[in-house]
Amino acid sequence: MSHMDPNTVVIQMKDIVKKFGDFTANDHIQLTIHQGEVHAILGENGAGKSTLMNILYGMYPPTSGTIEVKGKEVHIDNPQKAIELGIGMVHQHFMLVQPFTVTENIVLGMEPMNGLSVNLKEAREKIRALSERYNLMVDPDAKIEDISVGMQQRVEILKVLYRGAEFLILDEPTASLTPQEIGELMEIITHLTADGKSVILITHKLKEIKMAADNCTVIRRGKYIDTVKVGDKSEDDLAGMMVGREVNFRVEKKAQTPTDTVLEVKDLHAKDYRGAEILKGLSLSVRRGEIVGLAGVDGNGQSELVAILTGLGKAVSGDVVLNGETVTNLPPGVLFEKGITNIPEDRQKHGLVMPFSVSENLILQNFAKAPFAKHGILQQKAIKDHAGKLIEDFDIRPAGCEQRPAGTLSGGNQQKVIIAREVTNDGDLLIAFNPTRGLDVGAIEFVHKYIVEQRNKMRAILLVSFELDEIMSLSDRIDVIFDGKIVGEVKGEGADEYVLGKMMAGGAA
Ligand SMILES: Nc1ncnc2c1ncn2[C@@H]1O[C@H](COP(=O)(O)OP(=O)(O)OP(=O)(O)O)[C@@H](O)[C@H]1O
Ligand SMILES: [Mg+2]
């Protein structure tokens, strides 16, 4: 912060309109970026943020409106042109080649290249220098498959810097990072702006905007609302501007006594994909009518646990017991039939069939059953009615998107489709893995209410989340996972962030 030079406007987008068919994704949007500033763009899922940034990066032309870079009108026809103008973009989904090294990935796709080996050597030195200058701590020789998600993201940032970017667009850079990695990214952003670079930051997390941004432009349903100084506004103000109403951050939850044990995990052992032991005797239980939160830093065995509970991974030893019946290592379909429903972690991979319509995606596991099929024939009206209701309940946008291919929805709205489908499957156990990742505050409020409602209806809920705030505001009981085991348990009510944080880092309660 505060490296901003308010007198130097570097990028100006004026009256940007973007239509897809007769749908207007950007409706006269204004954006002014100063040198050395962090400028946040805030808007609900589907508001048009990524569209606006894709226009700036030359992915597609605006329907109307103009762009100026350093006072000169420009036509950014393709990303190459954007790069020449000093604009770089880090997309939410990384585009790195796993078996290649950092250097190879950064040089890859840059043309022309004569004599690859010579260039690689030079590139390696340049990458090392850049990494040092911005405190990225990236090893140019590391293979992508061996480095963490946070490190991969820094490689993407390096790639953009390597190409000479002065203006960096980061589209939801923190959505897949751990809290520690988020802190590190914020520091990197400070280094960038100190060097005179400007950063456009898209995030749904108001805390991050308060922490890192100078100014914030708010868009709502494709329309420009306002640009404000972040220092003048509270998180509540920003949320209100974004959704056009007051947002309730507090989750209302009445006391309730849980009953029978639905899930019991006993002394579970498992290996990760490299064959190293990752679950080292994990035990936990979830009863009807309670939310058990599993708190922990990414990589301590959460993914492997959920994979085993949903049939996608195998336990080496130990038991999974569901309603008194041992179900260890049964296939996914069987576990689903027995009542385990799941909001999957990787919603791009396990969630949606992109070319299928939203209606079809909403009945993926149930399409062969009544009321969606009768005597083997799909009941179109029932399918459409079901979709219509969920689209309304979950505020999936744009309204009336039943027949659209799921792949054309915005990232957050795709997530809402999966969540709507999974939480309305009424199995005894609901596993929610980072259920609000990538969702806007309005949608988070809705999903949180929904999870509490399911608990009130006496379902058993296992909430696995890297967001400590989410764990603390929803859970009745919190189990802390560290190094493949539960290292402690606290009551949800009155749980202390500091104590939990210490346990998550391997310290005692
Ligand atoms: N190629 C496309 N064809 C048709 N509609 C599109 C296309 N790209 C985006 N849209 C629509 O434009 C709207 C804005 O999408 P965009 O991806 O810009 O939203 P966003 O603000 O980035 O949302 P999120 O926070 O969920 O990522 C959405 O309703 C989306 O369905
Ligand atoms: Mg987006």
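**Exercise 1. Work out which domains the protein is assigned and how domain 1 and domain 3 meet in this predicted model.**

*Step 1.* Start with the bounds: the domain assignment gives domain 1 as 5–243, domain 2 as 259–339 + 427–509, and domain 3 as 347–426.

*Step 2.* Next, take the centres over C-alpha atoms: those of domain 1 and domain 3 are 32 Å apart.

*Step 3.* Now go for the contacts. Six residues of domain 1 touch seven residues of domain 3.

*Step 4.* Then get the area. The size of an interface is often given as the accessible area lost when the parts come together. Here, about 540 Å² is buried between domain 1 and domain 3, and carbon and sulfur atoms give 46% of that.

*Step 5.* Finish with charges: the count between these two domains is one salt bridge. As for side chains, R397 and E44 meet in a salt bridge, at 3.1 Å from N to O.

**Exercise 2. Decide whether H34 is buried or exposed, and list what it touches.**

*Step 1.* Check the relative accessible area of H34, which is 16%; the cut-off for buried is under 20%, so H34 is buried.

*Step 2.* Leave out residues up to four places away in sequence, and H34 touches M4, D5, P6, T8, V9, V10, S198 and N215.

**Exercise 3. Find the nonpolar surface patch that includes L108, and classify L108 by accessibility.**

*Step 1.* The patch is formed by V97, F100 and L108, with about 210 Å² of accessible area together.

*Step 2.* Locate L108: look in the loop between α3 (102–107) and α4 (116–133).

*Step 3.* L108 has 38% relative accessibility, so it counts as partly exposed.

Conventions
Residues are numbered from 1 along each chain as its sequence is written. Chains are lettered from A and ligands numbered from 1 in the order in which they are written. This is a predicted model: local features need pLDDT of at least 70, side-chain atom pairs count only at pLDDT 80 or more; totals for chains, interfaces and linings use all residues. Side-chain values use heavy atoms; hydrogens and water are left out. Patches are made of residues with over 30% relative accessible area and no salt bridge: like charges are joined within 9 Å, nonpolar side chains (Val, Leu, Ile, Met, Phe, Trp, Tyr) within 5 Å. Accessible areas come from the Shrake-Rupley method with a 1.4 Å probe; for residues, only the protein chains shown count as cover. A salt bridge is a side-chain nitrogen of Lys or Arg within 4 Å of a carboxyl oxygen of Asp or Glu. Helices (H or I, at least four residues) and strands (E, at least two) are DSSP runs, numbered from the N terminus. Buried means under 20% relative accessible area, exposed over 50%, partly exposed in between (1.4 Å probe, protein chains only). Domain bounds come from an automatic or database domain assignment. Contact means heavy atoms within 4.5 Å. Buried area is the accessible area (1.4 Å probe) that two parts lose on being put together, summed over both.
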